[in-house]
Every structure is written in structure tokens, then in C-alpha cells.
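Subject: Handover of a model, with notes on its aromatic rings

Dear colleague,

Please find the sequence and coordinates below. My notes on the aromatic rings follow.

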Amino acid sequence: MPPTTTPTITAFERSPDRGRGLARDMRVRWALEEVGQAYEVRLVSFAAMKQPAHLALHPFGQIPTYEEGGLALFESGAIVLHIAEQHAGLLPADANARARAIAWMFAALNTVEPPIVERSMAFIFEQDKPWYAERQPMLEERVHTRLGELSKHLGDVGDADWLDGAFSAGDLLMVTVLRRLESSGLLTQYPTLSAYVARAVARPAYQRAFAAQLAVFTGSSAGG
């Protein structure tokens with residue numbers, strides 16, 4: 001049964017992604033938009049994220065969190081899975097197809113995202129370190145390996161638009177992971193993946209979620 005209360009999620013008061021839709025509350029917003037569930041957003045500052053009230057919701061002091069009635073969740077993947085299990089539209093009805101969609105959710109977060117995040121963190125925090133130039137090719141190769149494998153899978157499924165049958169929570173998470181590479185130019189080397197991301201971000205639910213997250217950044221910028 002769908003929840004009877006309106007869920008509340010948390011998001012950055014001033015997002016470091018500058019409204020590009022890369023902060024992880026975007027995944028939750030998109031999932032809620034896909035299933036047609038209204039939601040409320042509580043914006044939190046970086047300071048507030050480390051205070052007891054927020055740590056009670058997220059022990060690592062991050063966003064997003066999700067509150068619905070007596071339930072409080074953290075970790076974007078777990079929140080998206082909960083939403084998908086509570087509403088039709090993000091997981092197939094067939095048990096085997098459902099299990100495969102969940103496997104793709106894990107693959108997005110556990111297999112594809114780690115090398116992408118490691119590369120981006122090194123670029124942001126280690127460029128001035130003596131080891132960065134030597135380490136960079138290895139980081140790039142790890143990303144290329146995963147992109148090549150994912151591109152091959154999408155090519156192998158032929159004319160299908162999505163990872164396994166209809167659009168699912170697996171595609172939702174995978175696309176949010178791949179979008180982290182848009183500014184790097186790496187994704188353009190894989191036309192199959194570029195087309196896959198383009199199909200996903202053209203979905204009306206994605207567009208609504210993106211606009212909502214961008215509005216927070218626009219509002220915070222205008223306010224100071």
C-alpha cells in the first residue's frame with residue numbers, strides 16, 4: 001500500500017553541485033516524481049547536517065534523508081528502493097524481472113559509481129599532490145572499463161531503451177551515476193551511453209525533479 005502521509009526529504013540548503021542535478025537528493029526527487037507521490041523538502045545547512053537532530057536521521061551527517069510517518073531512512077539507494085516497493089512504476093510485477101531490476105540498482109551504486117566518484121574526488125582534492133599525475137591514468141582506465149562494459153550490455157540488448165525491459169529504478173540510479181561524468185567529456189566517447197542518458201533525462205518526471213532542485217540553488221543564490 002502507498003504511504004498515507006506525505007514524505008519529507010532533506011536536501012542541501014546550498015548545494016555544491018550548483019543546481020546541476022548531481023546531489024543525491026535528485027535520485028529521490030526523481031523516484032517520487034516517477035510514481036506521482038507528493039513530497040516535502042526540508043533544506044539543511046552543512047552545519048546542521050552535523051548536529052544531533054540530523055545525525056539521528058543520518059548517522060554519517062549527509063543528505064538525503066526520508067521521513068514518512070514513523071519511518072526514517074538514509075542512503076539514496078535504500079530510499080529509492082523503498083519508494084519503488086511502495087508504488088507501482090519503478091519495479092516490474094514479474095518476480096524475476098523485479099529481482100533483475102534490483103540487481104541493476106546495486107550495480108549502479110556498487111560497481112559503476114565507485115570508480116567515477118574516486119576519479120572526481122581525486123580531481124577536486126588531489127590535483128596539487130605529487131602523485132596525482134601518475135595516478136590519474138589508472139583512475140581514468142577504471143572508469144573506461146566500467147563504461148565499456150555497460151555500453152556493451154546496452155548494445156547487446158539491441159533496440160531496447162533500458163537496461164532490462166521497461167524503465168526501472170535500476171535505470172534511474174544508473175543514469176544519476178553516469179551524469180556525474182557529463183562535464184568530463186568521457187561519456188561522449190560512448191554514444192550508446194550518451195543516448196541512454198538522454199532518453200532518461202527527457203522523461204517528464206526527471207525534468208520536474210531537476211527543476212525543483214535547480215530552484216533551490218537559484219533561490220539560495222538570489223538570497224545571498
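The structure holds seven aromatic pairs, a pair being two rings of Phe, Tyr or Trp (its six-membered ring) with centres within 6.5 Å; planes under 30 degrees apart count as stacked, over 60 as edge-to-face and the rest as tilted. The model is predicted: local features need pLDDT of at least 70 and side-chain atom pairs pLDDT 80 or more, while totals for chains, interfaces and linings use all residues. Residues are numbered from 1 along each chain as its sequence is written, and side-chain values use heavy atoms, without hydrogens and water.

Trp30 and Phe167 make a tilted pair, because their planes stand at 40 degrees, with 5.8 Å between the ring centres. Trp30 lies in helix α1 (residues 25-35) and Phe167 in the loop between α5 (132-156) and α6 (169-178), 137 residues apart; helices are DSSP runs of H or I, at least four residues, numbered from the N terminus. Trp30 and Phe167 are each buried (under 20% relative accessible area, 1.4 Å probe, protein chains only).

Trp30 also pairs edge-to-face with Tyr206, at 4.9 Å centre to centre and 80 degrees between the planes. Tyr206 belongs to helix α8 (residues 204-222), 176 residues from Trp30, and is buried as well.

Ring pairs join Trp30, Trp162, Phe167, Tyr196, Tyr206 and Phe210 in a cluster.

Two arginines sit over rings of this cluster (CZ within 6 Å of the ring centre and within 35 degrees of the ring normal). Arg203 is over Phe167, 3.8 Å from the ring centre, and Arg199 over Trp162, at 5.8 Å.

Regards

Notes:
Helix = DSSP H or I, 4+ residues; strand = E, 2+ residues; numbered from the N terminus. Buried < 20%, exposed > 50% of the residue type's maximum accessible area, 1.4 Å probe, protein only.
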